[in-house]
Amino acid sequence: MKKTNNTIQNYMYLGTFALFILVYSSCEKFVEVDLPKDQITGEAVFQDSGTIEAALRNVYAELRDNALTTGESYGVSYLMGHYADELHLLDPNLGSISFFEGNNVLPTNDFVNRFWDRGYGLIYAVNRIIEGIENNDDGLEGKDRLLGEAYFLRAYLHFYLVNLFGPIPYIDTTDYQTNTTVSRMPQAVVYQQLEEDLLEAKALLPIYDGPDRARPGHWTAAALLARTYLFQEDWDKAAEEAGRLIVEGNFELEQQVGEIFLKGSRETIWQLTPDMMGGNTHEGRTYIVEQPLPDTELTQGLLDSFEAGDARRLHWVGAVSDGTTVWYFPFKYKLAAPTEETLECSVLFRLGELYLIAAEAQAAMGNVSESLGYLNAIRERALLPPSELTDSAGLMEAILRERRIELFTEHGHRFFDLKRKGMATEVLRPTKPNWDLTDALLPVPESELLINPNLLPQNEGY
Amino acid sequence: MQLATTRMRRGIPSMLLYAFLLPLFSFNMQAGTVLEPPQVTVSGTVTDSTGEPLAGVNLVVESKNIGTMSDLDGSFTIQAVPGDILIFSMVGYTSKSVVVMGQDAIKVSLEEDVTQLGEVVLNAGYYTVSERERTGSIEKVTAVDIEKQPISNPLAALQGRMAGVEIQQTSGLPGANFNIRIRGRNSIRSEGNDPLYIIDGVPFSSATLGEANASVSLPGQGISPLNSLNPNDIESIEVLKDADATAIYGSRGANGVVLITTKKGRSGTTDITLNTFSGMGSATNTMELLSTPEYLEIRRESYANDGVEPIPDNAYDINGTWDTDRYTNWQKELFGRTSYLTNVQGTLSGGSQQTQFLISGNFNGQTDALPGDHHSTKVSGLANLNHKTKDGRFSAQLSTNYVSHTNDLPYSVSLVLEGLLTPPNAPELLDENGGLNWENSTWQNPLRHLESTYRSSTTTFIGNARLVYKLFPELELIANLGYTENHLKEDRTELSTRYNPAFGRGSEFSYVIQNMGRRTSWIVEPQLSWNHDFGNTRLSALVGASFQERFSDRLSLRASGFSSNSLIGNIAAATTLDIISDVDRTYRYHAIFGRLNLNHKGRYILNMTGRRDGSSRFGPDRRFSNFGAVGLAWIFSEEALVRQTLPFLSFGKIKGSYGTSGNDQIGDYQYLDTYSFGSLQYQNGFGLYPTRLFNPDFSWERNEKMELSLELGLFGDRIFFTGNYFRNRSSNQLVGIPLPATTGFPSISGNLAATVENQGWELELSTLNINTGKVRWSTSINLTVPKNKLVAFPDLDGSTYANELVVGEPLDIRKLYRLNGVDPDTGLYEFHDFNGDGEITSIDDRQVVKSFSPEFFGGINNSLSIGKFQLDLLFQFSKQMGWNFWREGSIPGSVANQPKAVLDRWQTVGDMATVQRMSLGNTLDPLLAYYNHRNSDAAVSDASYLRLKTLSLSYTLSQKGKSGMGCEIYARGQNLWTLTDYFGLDPETMNNQTVPTLRVISLGTRLTF
């Protein structure tokens, strides 16, 4: 009897254990969870034009607030303004900016890392969009425009990187394994890919006349194309592209210098709108000085290069004084604080530049009168007498001077001009004892070279 | 089963309260009564060895389910049959059995149990184990010690009491975090090193629900959820350290496990305890700063050095604008106030043999050392109920814990730093009307920070039920059920009044950031436990499963555009509301675990544990992983040979363990390819950005633990020694694997073949120095010598960790410049040019490696009782390096006060000085030298300390057993005295931007009815 009991008990033990094990198996599904409400899958984003729009919006917001073209003190305008001869730093506590001003940028510099990291970060985002749209066969609404914007942005981002860093990898995939071992490409190859993207974008993009010109359109692609041709001294194409835009584009030179940077300016080809209703530009906040001491001021060299009577000197240069000293600051944007309605946006492309591109390209080709026509349109609205130069070399010099005034503290134009004209050393050395020939390029971030040796060698001089 | 149901039917309803709390169990299981021989009434008294009556002694008739308890005067009566054996037992006393011989008055005296080694039962989480027979490394602190400290965070009670457990308070502000590292830092990610907290069987997340934009006041991760526990409600805290103890927690055991057990009722008389104390605290230390004449001297000197002449109009401190004779001790004004502390705890506990309960309520109020009116108010309640059926087949343990905590602080952390830096002759804080004095806009009044406030309200609920049913005598079915809920509401209010009114900034500059976070979690853990005795060998087996879900969500808003500051309390009055974040996270977790313990002759013990874990934090193919450990112990003192040859050796054990545990602290959803809603807007719409480069293939961090240890008890365990050697290796590190930015991201989450090793020695010695009837003096010492090392890290140089880590060095290192001294010619700091390029540049010239890991740490505890006096002294010490004051502060010579050390400064060519020439900070060379100095080995120095952590003196006026009311009065102190050479505020926080730990003195009484 006792033995039977034991056997029964043993079976019961076994049974209980078996039941227990049974309950546990098939529980693997338990650890699957749904997505949180602040995230959606990459796949879902590219099913719908609305979410693709949102993905693009983030790129524009980044360009405005964080990446290369931002009007903040870590943008190209501000830093390369100091690096060249536009801005002079007054506050020595801004140590890392003083390295830019002193042309002592190290491969570990935070701002250099920022240019590079944010630039390629956005290139990844744009490549995701291109791949996402191209893999969607369901006939997305507004597919051409979305894709066109993405191609344009890819070219635009690479344009700044190639001009700051020289030979760089042109990234056109999201595959991180490929992108981990990429090599640098000669600048010509980068420009070639950039042009291909722009031609694609130009073909896809509609003529944009939407509210605020807040998105790049057909003509924005054309404008960047013109600039790209100019930088490569492909004068013929630069003149053609710029000329066509000036004639056919839905823009016109704003005749009042003080109104060029207003939101509704007819001259604007593409601008970035602020992040909130009534907001204005980062440039305004960065440069406008309400009381001394300012962090930075316009260099004496730049102030001296204004001709007497230049309306731009009056409208675009602000001044602040403590009673004894006067400091001058960029005053293209007049508003540092929000207003009831937005009055100013950050302009990335405007017709004025295209006139100067056309002028330069025509001058280079020896077409003096065509060139003068464009140049003098800019001079006239600045209330300056028309230029009557006849030799193209002198004209080229005058155009460069005009670009210095017209485009100062706008996204590194001055520095890029000095570089492409091979004049950087000659012009900058007198005021910048540390300037070396090799300073024409920024160093590639050291961390990049350490992780991906294919990016070696470092730019010369670093 | 037939038998069981019959018994259930026979059950009678009892215990209304119990039924109310657990309507599920409307029946009661009770033993049947069988025919018995005629019974007699036996009565008697129980006393202790000195003849004092003992109340609450358990009294059981062996082999029957009859029991009772002695009364206040030690008397008892019970029904028994001659020949029955009565067993008397009570915690802290050796049990005694007496045979009923028909005598009508039994007199029993119980001996105090000196060693208790065999009786000390340790909570190992899923099972319990006796101190004597454990194979794993488990440290324990009990209520007796916790209650001796006037603290509000339970982790504070562990400081200095446990070998291998390093605890650091991060600030002297109420609600501040404690850093805890159990056997060192295992993970390269600084956020992946927290232990697992289990409160009464329910995992408790220590991660803050705070919003970074709202909760800056407190260093670290904002307000600590562990503050939501009332230390006075804690019965014991056990810390599991080695593989044997932690492997059963699998993927979450890598950093150790902290088990917190709340107080439970005891059978016996019903006790009402009222424990009240109040105290005062102030900063443990202030720095020696310059007097006004000294300060003015260096300021004038720096103008001369920098060639600025004449003294400009804005040099208010020295040009006569401010009174040059004024002196204010700003440290005292800005963080040297007295804080007050009040704690009231009421507890009602009691119960019968079958049912015990405990209900307690606590109020804890604190103010801080900052100026202004800030309160931390904590109200908590605990209710625990245990029940066991008469036949002992079914038992239930219920516990609920509720805490509500409100904490006010100024938002800004700058008050402390400004206390150090404000010039000694700076103007009055308040004007004659009591408003902020801006002294004609010549300074930034430090009290402006009080116009920015931070308030957090936390509520925490923890509920747990543990149900045990004996299916068969040797087989138990156990269910552990738990639920927690945690709410946090934070308000950061920035008033425009923090600006100088001369700027005319009105309420449009005021705003509020409000954050509401919530976390709920539940756990269900069915288990089966089987114990069997094979004669010489005892076997215990356990299998169980765990299902857990944790859900948290958080909404943070920024409200601005108030038409008046008086409306700021209500965000409905804001004209602009921005959503900062609106996020939710779900975490699910599933595991199967088991334990097999074999104990042969009470001498040879084998313990095997294992766990299979699955976590929602990993990709579909990587969710599950196995962990396990083996522990072995040999109690060699039980061997006949040892007993004969070494009679003084009362206990000797060698044990060792080896196994693995894991770490999944990487955040939720990291493996997914997702887009997130950005905070950036464009054209009135939010953006979507790719959240990360996704890697669906990453998995657990693996921690391999090994331990060897020796325990020796001499002379009846009056001297007891424990020595452990451990070596843990954490590999498969979950880190962001560095990528070049050309991929679009700096890293991708993945497992890197990097290995971190923690090894070390832990030594504990406890001695009972004197033990006569009236005097008892015991000492315990613990010492930990840890060594942390990064063993491997592929491609370290190219990673984002390149500036932080060095292979072969600890994880907590800093790479620094080497200060050569002050150049006698230039008067500037000079640094060693390691790469010889003529310039001092980061990273190449930052070659000096200083480790912030402690070399050793520990504590010394002395406990002395003489009659009715009880004195406890706990010293805590740590030998370590840390950032000193030079890391913070301002360039010497600028408008900022300085430590006295700057007086040894360079003044003229040829001076050999330790501090560089005074400078205003406007010229590049002195400024660069100063910045490099902050990043040099001069900014790191010895931060070792010996601190009298706790002093407790109590006097027992009367005992409940004798007079019906127990009364104890006590005085307690925390951080009373510190011995250190640290150059800075506090070697414990090593942070000159927050309030140093407080020196607290409290007085209290404890009444028991």
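Two strands pair if DSSP finds at least two bridges between them. I kept that rule for every sheet below, with helices (H or I, at least four residues) and strands (E, at least two) taken as DSSP runs and numbered from the N terminus.

**Entry 1. The model.** I noted that this is a predicted model, in which local features need pLDDT of at least 70, side-chain atom pairs count only at pLDDT 80 or more, and totals for chains, interfaces and linings use all residues. Residues are numbered from 1 along each chain as its sequence is written, while chains are lettered from A and ligands numbered from 1 in the order in which they are written.

**Entry 2. The contact between chains B and A.** I counted two residues as in contact if their C-beta atoms, placed from the backbone, lie within 7 Å. By that rule the contact takes 63 residues from chain B and 57 residues from chain A. Elements giving two or more residues to the chain B side include β22 (452-472), β25 (537-560), β30 (674-682) and α9 (924-934) of chain B. The largest share of that side is nine residues, from β26(B). The chain B side divides into 33 nonpolar, 22 polar and eight charged residues. In this division Ala, Val, Leu, Ile, Met, Phe, Trp, Tyr, Cys and Pro count as nonpolar, Asp, Glu, Lys and Arg as charged, and the others, Gly among them, as polar.

**Entry 3. The domains of chain A.** I read domain 1 as 7-204 + 435-462 and domain 2 as 206-421 in the domain assignment of chain A; such bounds come from an automatic or database domain assignment. The centres of the two domains of chain A, taken over C-alpha atoms, are separated by 29 Å. Their contact takes 38 residues from domain 1 of chain A and 38 residues from domain 2 of chain A. On the domain 1 side, elements giving two or more residues include α3 (49-65), α4 (76-83) and α9 (187-204) of chain A. α7(A) gives the most to that side, with seven residues. The domain 1 side comprises 21 nonpolar, eight polar and nine charged residues.

**Entry 4. Helix α10 of chain A.** I found 14 residues in helix α10 (residues 218-231) of chain A, reaching 20 Å from its first C-alpha to its last, close to the 20 Å expected at 1.5 Å a residue. The expected span is 1.5 Å times one less than the number of residues. Of the 14 residues of α10(A), 13 are buried; a residue is buried if 20 or more other C-beta atoms lie within 10 Å of its own, exposed if 12 or fewer, and partly exposed in between, with C-beta atoms placed from the backbone. Glu233(A), which follows α10(A), has a positive phi near 60°.

**Entry 5. Strand β13 of chain B.** In a regular strand the side chains alternate between the two faces of the sheet. I checked strand β13 (residues 196-199) of chain B: Leu196(B) and Ile198(B) point one way, Tyr197(B) and Ile199(B) the other way, and all are buried. Four bridges join β13(B) to the parallel strand β16 (residues 257-262) of chain B, where Leu196(B) is opposite Val257(B). Three bridges join β13(B) to the antiparallel strand β14 (residues 202-204) of chain B, where Ile199(B) is opposite Val202(B). The hairpin of β13(B) and β14(B) has two residues between the strands, and Asp200(B) takes a positive phi near 50° there.
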